[in-house]
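Reader: I have a model open and want to read it feature by feature. Where do we start?
Author: With confidence, then side chains.

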Amino acid sequence: MTQQQPTPEAPQVTVRGEGRLEVDPELARIGVSVRARGTDRSSVLAALTSRNAEAIALVKSYGEAVAKLETGALSVSPEPARHGRGERVRGYQGWVHLSAELTDFTALGELTTRLADLEWTRVDGPWWALRPDSPAYAEARRQAVREAVRRAREYAEALGSSLVALLELSDTGLGQGGPAPMGGMRMAFAAEAVEAPAPMELEPQRQTVTAEVAARFTMAPPAL
């Protein structure tokens, strides 16, 4: 398509509009790593299976508070002996990684604490996020468009002119700012305490949503 060229009778103005919102998160993600280690392959597999099932059952017990539960990587491997010749094995180790996504933050602190209290279990997170279809994204885009129109109108008015028509509008960027993965907590306990630990208090981290558009307008001939 041939781009319409500006003329003295139909000058053009091109501007960028930006939208930026600070909103509460809608999702919290945590990672759970269950491990087992021993000198016998069968006992390590049995322990890993049992601990994995216990962690999954605990997460599922929170019902609708958990939006998603997935099993990620699985590893079972021999540990070679440090000394000696040949393929001598001194033991075996295995681990399973789970990821869970929660929408009810009131249950988050209790669940993460109970998971970390399980034997040979590590918890990473939480990492806060918005839903992919969050209304915040649409509002940021609307804010960016309004900003583009406002800027273009100010330029036109500064020339003693006014906007006539929109020629082009393009989305140049939409993003969500959040914590880096290394910013989450890590907990690993051995479940030796007699009493269950008190739930950890976790404060949701507000999310930054940004949008950017480029817009091109025609103006009335300015009164120079």
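Author: This is a predicted model. The mean pLDDT of the protein chain is 87. Of its residues, 87% reach 70 or more.

Reader: Over which residues is the pLDDT below 50?
Author: Where pLDDT is low, the predicted coordinates should not be read in detail. One such stretch is residues 178-184, with pLDDT below 50. Beyond near neighbours in sequence, residues 178-184 have nine contacts in the model. Residues 188-194 also have pLDDT below 50. That stretch has 16 contacts in the model beyond near neighbours in sequence.

Reader: Now aromatics. How many aromatic pairs are there?
Author: Ring centres must lie within 6.5 Å, and planes over 60 degrees apart count as edge-to-face. By this rule there is one aromatic pair. The ring centres of F105 and W128 are 5.1 Å apart and the planes stand at 80 degrees, so the pair is edge-to-face.

Reader: Where do F105 and W128 lie in the chain?
Author: F105 is in the loop between strand 4 (89-102) and helix 2 (108-116). W128 is in strand 5 (residues 121-129).

Reader: Is W128 buried or exposed?
Author: Buried means under 20% relative accessible area. W128 has 8%, so W128 is buried. F105 has 23% and is therefore partly exposed.

Reader: And the surface? Which residues make the nonpolar patch?
Author: L45, L74 and V76 make a nonpolar surface patch of about 260 Å². V76 belongs to strand 3 (residues 66-80). With a relative accessible area of 37%, V76 is partly exposed.

Notes. Residues numbered from 1 in each chain as written. Heavy atoms only, no water. Patch = residues over 30% accessible without salt bridge, like charges linked within 9 Å, V, L, I, M, F, W, Y side chains within 5 Å. Areas by Shrake-Rupley, 256 points an atom, 1.4 Å probe, with all protein chains shown as cover. Salt bridge = Lys/Arg side-chain N within 4 Å of Asp/Glu carboxyl O. Helix = DSSP H or I, 4+ residues; strand = E, 2+ residues; numbered from the N terminus. Buried < 20%, exposed > 50% of the residue type's maximum accessible area, 1.4 Å probe, protein only. Phe/Tyr/Trp six-rings, centres within 6.5 Å; stacked < 30°, edge-to-face > 60°. pLDDT = per-residue confidence, 0-100. Contact = heavy atoms within 4.5 Å.
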